[in-house]
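Subject: Structure handover

Hello,

Here is the structure I promised to pass on. Please open it first, then read my notes beside it.

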Amino acid sequence: MINLVREKNPMPEQAPDVRNKNFLEVCTGYTEEMAIREAMRCLKCRKRPCMTGCPVMVKIPDFIAKVAEGDFEAAYQIISETSSLPAICGRVCPQENQCEGKCVHAIKGEAVGIGRLERFVADWHAANFGDVEIEPAQSNGHKVAVIGAGPAGLACAGDLINKGYDVTVYEALHKTGGVLVYGIPQFRLPKEIVAKEVAKLEAKGVKFVTNAVVGRAFTVDELMKEEGFESVFIGTGAGLPSFMNIPGENLIGVCSANEYLTRINLMKAYLDEYDTPIMHADKIAIVGGGNVAMDAARCAKRMGASEVYIIYRRSMDELPARAEEVHHAMEEGIVFKLLTNPVEIKGDENGVVTGIECVSMELGEPDASGRRKPVVVEGSNHVIPVDMVIMSIGTKLNTLILDTTEKLEANKKGGIGTDDAAATNREGIFAGGDAVTGAATVIKAMGAGKKAAASIDAYLAGK
């Protein structure tokens, strides 16, 4: 029987005035009964529009049907046919713009909670089958190197090891996971979940080499010529922070969101037993309106700031962050200073931040991106008193690998140039994720990693 309930079953979560003081996961997940009720809302559409919104083409109606039957393990196996990281994707993917955005229910109500169900299924599997021993994959004798242990690299490595390749992943940091561990806070994505996904790959035979900066310790060409790798996938992300280049950005108390989040997430600054140096400020301004800005703002509140501001030059309608993250931030007491743009950071005689001078904005005609262009309101300068400013206006590619790999070409955006099959201009070298496109989503990076794995397989089979 078709369930025409228009609203999703609510997701249980910590109360806002409790969670903004701890780093425990905000959402606590569906129970079995909640998951079944939500799954029964699926209309079982013949054309499966939800799948067209999924970058890795999860068989969404099929796994939801199994949840509705109470066969959660079968649902997990269906998801795992195409997704390497369901527990992660269920938590951090922007489903509202992808699979759920295509759901027929969304036309006159709320989409089926596909992300919530994916998370439930992955967590149920981990709780009930997490200790089952994984058999190592059978080797086909071919060696592939993967550079970067973020979502693109992990997805690529997972698909390649399943096809029998000998896979080694090189990671610049001391921990695997990329943005999943240094960028996304514990209260959104517990790091234990990422560690378990990496452990599964290790059990299958994937080898991880950390503290390995490709382009410094050794080059891509050396991996192929001296280490015997027949193909290389580059999935290094885009982690180089951008700044506004306004007066005062060199003052004490100004940093990038990347640095701030890395100190908190990867270096555990939020835990007393870790002596990680980090600035503790009372009033903090975060410049930017994306998911990273929301993460930084919500972390700042949890680290003890009494006032935290999001400064964004457009209106709420143009805010690029996920609706759920904005909603949670507002509930947790983050103040949104919209249609506001910084022009200078103020400091005292000791070079320490004392405020951020801004101008008010109004929206004019649409620009090249299709969004209405913000225009300065003359004479609207004002200073917001703060003692720390966190810049979160996007990231760009570190060109180290482009600079150190012979004749490797860039694309128009400055990323690594590839064709539609993720192949670069260099034979045997493939790339994908943020290293190619610039900053995007976890699931899009995974999709790129999977595409590259299929192309590598076809390339080596051709040889």
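Let us start with one residue and its partner. Glu13 has a relative accessible area of 33%, so it counts as partly exposed. Arg19 sits at 0% and is therefore buried. Their side chains meet in a salt bridge, with N and O 3.6 Å apart. Keep in mind that this is a predicted model.

**Salt bridges**

How many salt bridges does a search of the whole structure find? The search finds 29.

Look next at Asp62 and Arg48. Their side chains form a salt bridge at 2.5 Å, N to O. Asp62 belongs to helix 4 (residues 60–69), while Arg48 lies in the loop between helix 2 (32–39) and helix 3 (49–52), so the pair ties together parts 14 residues apart in sequence. Asp62 is partly exposed, at 25% relative accessible area. Arg48 is partly exposed as well, at 28%.

Now take Glu325 and Arg188. They form a salt bridge, and the closest N and O atoms are 3.6 Å apart. What does this pair tie together? Glu325 is in helix 14 (residues 323–331) and Arg188 is in the loop between helix 9 (179–182) and helix 10 (191–204), so the bridge joins parts that are 137 residues apart in sequence. Are Glu325 and Arg188 buried or exposed? Both are buried.

Some of these residues belong to a network of salt bridges. Glu13, Arg19, Arg188 and Glu325 are among its members. Asp295, Arg298, Arg302, Glu331 and Glu332 are linked in the network too.

In general, strands of a sheet pair through backbone hydrogen bonds, either parallel or antiparallel. Here, strand 2 (residues 166–170) and strand 3 run parallel and are joined by three bridges. To find the place, look for Thr168, which stands opposite Lys207 in strand 3.

**A buried lysine**

Lys450 is in helix 17 (residues 442–462). Its relative accessible area is 15%, and the limit for buried is under 20%, so Lys450 counts as buried. What does its side chain meet? The side chain of Lys450 makes a polar contact with the side chain of Asp159, at 3.0 Å. Leaving out residues up to four places away in sequence, Lys450 touches Val56, Thr82, Ala155 and Asp159.

**The nonpolar cores**

The largest nonpolar core has 72 residues. Which of them touch the most other members? Ile60 and Phe63 do. Helix 17 gives this core its largest share, nine residues.

Best wishes

Notes: Residues numbered from 1 in each chain as written. Predicted model: local features only at pLDDT ≥ 70, side-chain atom pairs only at ≥ 80, totals over all residues. Heavy atoms only, no water. Pairing = 2+ DSSP bridges. Helix = DSSP H or I, 4+ residues; strand = E, 2+ residues; numbered from the N terminus. Salt bridge = Lys/Arg side-chain N within 4 Å of Asp/Glu carboxyl O. Buried < 20%, exposed > 50% of the residue type's maximum accessible area, 1.4 Å probe, protein only. Polar contact = N/O pair within 3.5 Å; in protein donor to acceptor, adjacent residues only side chain to side chain. Contact = heavy atoms within 4.5 Å. Core = buried A, V, L, I, M, F, W, Y, C linked by side-chain atoms within 4.5 Å.
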